[in-house]
Amino acid sequence: MPLVDGFDDSSILSIGHLGIVAGAYDSLQIADVIDTALPKTRHHNLTHAQVLKAMVLNGLGFIERRLYLFPDFFDDIAVERLLGEGITRDHLNDDVLGRTLDAIAAYGPTELFNEIVTECLLSTDFGSHCIHVDTTNFSVTGAYEPDCDLGEITITYGHPKDGRWDLKRFVLGMAANQYGVPLFLQTFSGNESDKETILSIIQHLNENLKSDEKVYHVADSAFYTAKNLQTLGQHTFWIRRVPATINEVQNLVRTDDPFLPCTDDRYTYQEHSSEYAGVRQKWVLYRSVPMYEREEKTFEKNLTKNLDQARKSLRKLCAREFACVPDARRAAEVWLSKRPRYRFCDLDVTTITRKQEKSRGRPKNGEPVLVSYKVIAEIEDNPEVLAEERRILGRFVLATNDPTVSADELLANYKGQGAVERGFRFLKDTSFRVAEIFLKKTSRIQALAMVMVLCLFIYALTEFRLRQELARTGETVTSQTKKQTQRPTMKWVFFRFRRVREFVVVEEGKRVKRVANLNEELWKILQLLGKEYEKYYL
């Protein structure tokens, strides 16, 4: 039957922002790395590089539900345009996806990601003078079959950061540069400690990532232990927040010495030196105005609640019986010493008498009795202690083993720790809930973790490049607030492309593919990103 010229209304497929994702995958030359590491050895229709590209498209699809790694996602997607001529949805079955995950697991997810990062970042110029390290954990469902020869982790119970004590989990450790681009990943068993996992990540980073510039490893206070500091020594530069539980910090934050102003007028500082754990360090005590305001609100909010809790504890003390008055008073003094923010507004000891033998009525004259003593007390807030606690709100200590770092640089570098934390929020977003999927094998969970971080790598690097091009050319795009900006988020850019579709028209008896709903600003974004991105929308 001859084709009739006109629009084929059954041919509409979605491209959306997935052309940008496919263009980023191509421009970073990830397929070349995968083809080299995981070559096609059997007569399958798709290479592992093509399947991994499909997983990334799925992972960055933002379908507002968990990430399903199976063909349903591609039902209405322009698969041939995005993945290659002749490729259809039917090629993307569960067996194909599972086979690629197994290949990644066998090669080593960490090793494969390292190779991708090394190759992709060779052509970039932004450097990585700060590497921010952190961990999180993901809960999973189901029982997992171990692959004994793969050196895999254990899916087990651990401290849940999502509150799901009923589910087993695995730990994902990640390092990102100052722009939030992931540079390294490593998976750990669900019950691993942050103190050990972060040290392991830093040691692996030193082995795998080489840099000509001075690199600082930035982590939160969980890493700051004597063992970890001694292990790294003086030659691996680090920046840490010092735990407030250390006695030296508790004494330092109470100082009356004057503070100096930072470049950021919301902060002031004092510089000190320390030999904690036998490692020479520079400590900087900061006072943050925003932190003070937040902590003061919480402090005032909790005053009444804490006083009620203390009074409840005091009632238990008052219910106890003691053998003598000194014992009763000593118990009251011990109780108060553990709660220095309160003081007794009333304190007395009362005598309790009772018969030696249990019987009704009062003891008769001369009848032997048992005598005990109880504390009668009331408490109130101690205004002097509360005033001192208010005074030291908003203070914290940062440490580094590089004495040449200024207080301003130290603060700016540490505040970049939000980069890796934003990455974890990205991975745990409700539109990207990878961890809820059940993959049957622990090794596949580890491989999927690599895919998760690869999605973040592509997302963050594309966002960085777009912002860089906007700044270089002086161009702007419309933000969510309808204002012009040079720093759009990629998620907003992806949203702007949501209506882009592929359709087919018949012209002179031939089927021709066309793209609809691309306006001037969307084309500007594609042109800024480059030809590898444009080709998916032509």
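Student: Which residues gather in a patch of negative charge on the surface?

Tutor: In this predicted model, the residues Asp-32, Asp-35, Glu-111, Glu-115 and Glu-119 come together as a negatively charged surface patch. Two elements each give two or more residues to the patch, namely helix H2 (30–37) and helix H6 (109–121).

Student: Which element gives the most to the negative patch?

Tutor: Helix H6 gives the most, with three residues. Asp-35, for its part, has its place in helix H2. The relative accessibility of Asp-35 is 35%, and Asp-35 therefore counts as partly exposed.

Student: Which residues form a positive surface patch?

Tutor: The positive patch consists of Arg-311, Lys-312, Arg-315 and Lys-316. One of these residues, Lys-312, belongs to helix H10 (residues 289–319).

Student: How should I read salt bridges, and how many does the structure hold?

Tutor: The general idea is that side chains of opposite charge can pair when their charged atoms come close. The structure holds 23 salt bridges. One of them joins Asp-26 to Lys-53, with 3.2 Å between the closest N and O atoms. This pair links distant parts of the chain, for Asp-26 is in helix H1 (residues 18–27) and Lys-53 is in helix H3 (residues 48–59), 27 residues apart.

Student: Is Lys-53 buried or exposed?

Tutor: Lys-53 has a relative accessible area of 8%, so Lys-53 is buried. Asp-26, by contrast, is partly exposed, with a relative accessible area of 21%.

Student: What does the salt bridge between Asp-102 and Lys-441 tie together?

Tutor: The side chains of Asp-102 and Lys-441 meet at 4.0 Å, N to O. Asp-102 is partly exposed at 25% relative accessibility, and Lys-441 is partly exposed at 23%.

Student: Where do Arg-391 and Asp-256 lie?

Tutor: These two residues form a salt bridge whose closest N and O atoms are 3.1 Å apart. Arg-391 is in helix H12 (residues 383–391), and Asp-256 is in the loop between helix H9 (247–252) and strand E7 (260–261); the two are 135 residues apart, so to read this pair is to read a link between distant parts of the chain. Arg-391 counts as partly exposed, at 26% relative accessibility, whereas Asp-256 is exposed, with a relative accessible area of 67%.

Student: Which residues do salt bridges that share partners join into one network?

Tutor: The network is made of Arg-254, Asp-256, Glu-388 and Arg-391.

Student: How should I read a sheet, and in what order do its strands stand here?

Tutor: In general, strands of a sheet pair through backbone hydrogen bonds, either parallel or antiparallel. Here, nine strands form an open sheet with mixed pairing, in the order E4-E3-E2-E5-E6-E12-E9-E8-E7. Strand E4 (182–189) and E7 each have a single partner strand and stand at the edges, so one side of each is left without a neighbour in the sheet.

Student: How many bridges pair E7 with strand E8?

Tutor: E7 and strand E8 (residues 267–274) pair over two bridges, in the antiparallel sense. A hairpin through five residues joins E7 to E8. Within this pairing, Pro-261 has Thr-268 in E8 as its bridge partner.

Student: How many bridges join E8 to strand E9?

Tutor: E8 and strand E9 (residues 281–288) run antiparallel and are joined by eight bridges. Opposite Thr-268 stands Arg-287 in E9. The hairpin of E8 and E9 has six residues between the strands.

Student: Where is Asn-517 found?

Tutor: Asn-517 is found in the loop between strand E16 (510–516) and helix H17 (520–529). Asn-517 is a residue other than glycine with a positive phi, near 75°.

Definitions and conventions. Residues numbered from 1 in each chain as written. Predicted model: local features only at pLDDT ≥ 70, side-chain atom pairs only at ≥ 80, totals over all residues. Heavy atoms only, no water. Helix = DSSP H or I, 4+ residues; strand = E, 2+ residues; numbered from the N terminus. Buried < 20%, exposed > 50% of the residue type's maximum accessible area, 1.4 Å probe, protein only. Pairing = 2+ DSSP bridges. Patch = residues over 30% accessible without salt bridge, like charges linked within 9 Å, V, L, I, M, F, W, Y side chains within 5 Å. Areas by Shrake-Rupley, 256 points an atom, 1.4 Å probe, with all protein chains shown as cover. Lys, Arg positive; Asp, Glu negative; His and termini not counted. Charge placed at Lys NZ, Arg CZ, Asp CG, Glu CD.
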